[in-house]
Amino acid sequence: MTHTTLDRKPRSTSDGKRRPSPDGKRRFGRPSAGRQHHAGPLTYVLLGLAALVSLFPLYWNLVAASHSGERVVEAPAPLLPGPRLFDNLTFAWNQVDMGEALINTTVVAGLVALSTVLFSTLAGFAFAKLPFKGRNAMLALVVATMTIPPQLSVIPLYRIITDLGWVDQLQSVVLPSLVAAFGVFFMRQYLIEALPVELVEAARMDGAHSLRIIWHVVFPVARPAMAVLGMLVFVQAWNDFFWPFIALTPDGNPTLQVALAGLGAGNHTVDQAVVLTGALISTLPLLLVFAVLGKHIVGGITSGAVKS
Amino acid sequence: MATSLRAAADGTPPPAPPSSPTRRATPPPHSGRRSRLYRWDLRLSPYAFVAPFFLTFAAFGLFPLLYTGWLSLHRVELGGDAEWRGLDNYAHLADSEFFWNALANTFTIGVVSTVPQLLMALGLAHLLNYKLRGRGFFRVAVLAPYATSIAAATLVFAQLFNTDYGLINTVLGWVGFEPVDWESSKWPAQIAISTIVTWRWTGYNALIYLAAMQAVPQDLYEAAALDGASRWRQFLSVTIPSIRPTILFTVIVSTIGATQLFGEPMIFGGSLGVSGGSGNQFQTLSLLMYEKGWVTGALGQASAIAWVMLLLLLLVGAVRMLFSRASRKKLGA
């Protein structure tokens, strides 16, 4: 393809008219800027519909949590917020121990995110920038482990934590998640491009040992990716269900997801408004994080998936 | 675990970077002891850095995986001793209508939740790729379901799908439909569960497609436009082929997720969740495994189901490899 001649021509639009590129600049540096047609009204209608479908169940969760239990199970379902949000929150917090579950979830997700980010950065750095024997084979193994479903390990793990008396102990859900293959791969992909090998070598020339290099060279360069990975892992650990549901019990020492599963199965004779208030308590913290940091999370998800 | 997979890149490891360039770091001129320490550091630190991952995987991934395989060849009850049974557990599965029912349900729910999900994600990504006012809002809005947990989303949808008072039947009533029994009838229940999966993951996949679309070289579109290709034509013959690896990746990841489906049917079924509804109408393989292991207490059979799931996923992986090899050949690369 005659790249240069095409590049000199002004961008063509769908209606066949020619006009200069919108910002008046040529993007020699970024030939991959993507298609930038202006959206028509239909696009906005469809996107508005998609946003509505995405957000409505969350809105309705809030609505249901603000009504009485009798009102929620009455047809037609309420569409506007009612007066009982605070009562329901108090009840869910005090009677169903959602407060305890919230603290447990925060502890678990926080520890898992911290340790995953730390260990993934170390391993990602080694895979990206350090030559060592067996590196390619080991990296292939890391990637291969991502396809193994948790179902393959829960039966032995359950026997082990039963023997250790760890059922309903938070370490039984933290330890298996200390580091994730996805995190290792994510950090490797980032550091391959972001960390110039000269930087590492210069530090070595100055006599820095590996831990110093990690602290003074790798961490500063990796910080943006570490932040994104931390958020992704936090969200995932917060919402993790299968293994926590087995290792913890709704009436023992549950995370939010386990407590919610217990409520949904009717373990407590509470009304649907309280159940949905529990759901709201489990969702709200993450939605707040998304509202504030959404742009970075979007960036992290897309970069993790495409840079390969 | 499914989540992490979804965020990961195309399954194959990309070609390793050219291993460290010609100017290898030479040790600084120091005393013998220091330089020996230095060499040890240089040689061993990479292994120390990757060790946490491999130790964690060995303890919580590989060992349990093999142990599950061993258990699947035994008759074991919770807390009891194992008794060698050879392939009996697998033979038993082959004879069990519950197993075939769960396998079929996993497959149908998987198809109903994955195919529309990925098609809609593709369309959504195409729309998000326009120059937009408020693009940040739209992107975060379609990603909001991803922040919602399985449990919370399922509890909300279980209310919306309630047969007697749910909003969905109310709306269907306005349009003149009879109320649908979303929980006890087989297909409606499977559609309802698939809706929850689709709701949670469509926006996420759309953003992955969007990133891939933005990496398609502009030149290709310009050349196609010069050739008189319509926008729809460009979408079909430029966009789709260009992001094929990404599409393949999302298909694989969604398939893995669908194979393990557990939380949505479990919570959607309420007190009947473990058996997948009153007539097992939405019991998946994961639910059957859980029922065998934790309700019946037959750990050997539960382990056999887990290994069948692993074999299914290996099969998917093999198909994937064939596919990507074929497409590479086609492109002449």
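Me: What conventions apply to the numbering and to the confidence of the model?
Reply: Residues are numbered from 1 along each chain as its sequence is written, while chains are lettered from A and ligands numbered from 1 in the order in which they are written. Local features of this predicted model need pLDDT of at least 70, side-chain atom pairs count only at pLDDT 80 or more, and totals for chains, interfaces and linings use all residues.

Me: Why is H13(A) called roughly parallel to H6(B)?
Reply: The axes of helix H13 (residues 256–264) of chain A and helix H6 (residues 150–160) of chain B cross at roughly 25° and come within 9 Å. Angles under 35 degrees count as roughly parallel, over 145 as roughly antiparallel, 65 to 115 as roughly perpendicular and the rest as oblique, so H13(A) is roughly parallel to H6(B). The axes are lines fitted to C-alpha atoms, for helices over the stretch in contact, with angles running from 0 to 180 degrees between N-to-C directions; the helices themselves are DSSP runs of H or I with at least four residues, strands being runs of E with at least two, numbered from the N terminus.

Me: Which residues make the contact of H13(A) with H6(B)?
Reply: A:Gln257, A:Leu260, A:Ala261 and A:Gly264 come from H13(A), and B:Ala151, B:Ala152 and B:Leu155 from H6(B), where two residues are in contact if their C-beta atoms, placed from the backbone, lie within 7 Å. They divide into five nonpolar, two polar and no charged.

Me: How many residues does each chain bring to the contact between chain A and chain B?
Reply: Chain A gives 107 residues and chain B gives 110 residues, and helix H14 (residues 272–306) gives the most to the side of chain A, with 17 residues.

Me: What makes A:Asp97 count as partly exposed?
Reply: A residue is buried if 20 or more other C-beta atoms, placed from the backbone, lie within 10 Å of its own, exposed if 12 or fewer, and partly exposed in between. A:Asp97 has 19 C-beta neighbours inside 10 Å, and therefore counts as partly exposed. A:Asp97 sits in the loop between helix H4 (85–95) and helix H5 (98–129) of chain A, and its phi is near 60°, a positive value in a residue other than glycine.

Me: Why is A:Asp168 called partly exposed?
Reply: A:Asp168 counts as partly exposed because it has 15 C-beta neighbours inside 10 Å. A:Asp168 lies in the loop between helix H7 (154–164) and helix H8 (171–174) of chain A, with a positive phi near 70°.

Technical notes
Nonpolar A, V, L, I, M, F, W, Y, C, P; charged D, E, K, R; others polar.
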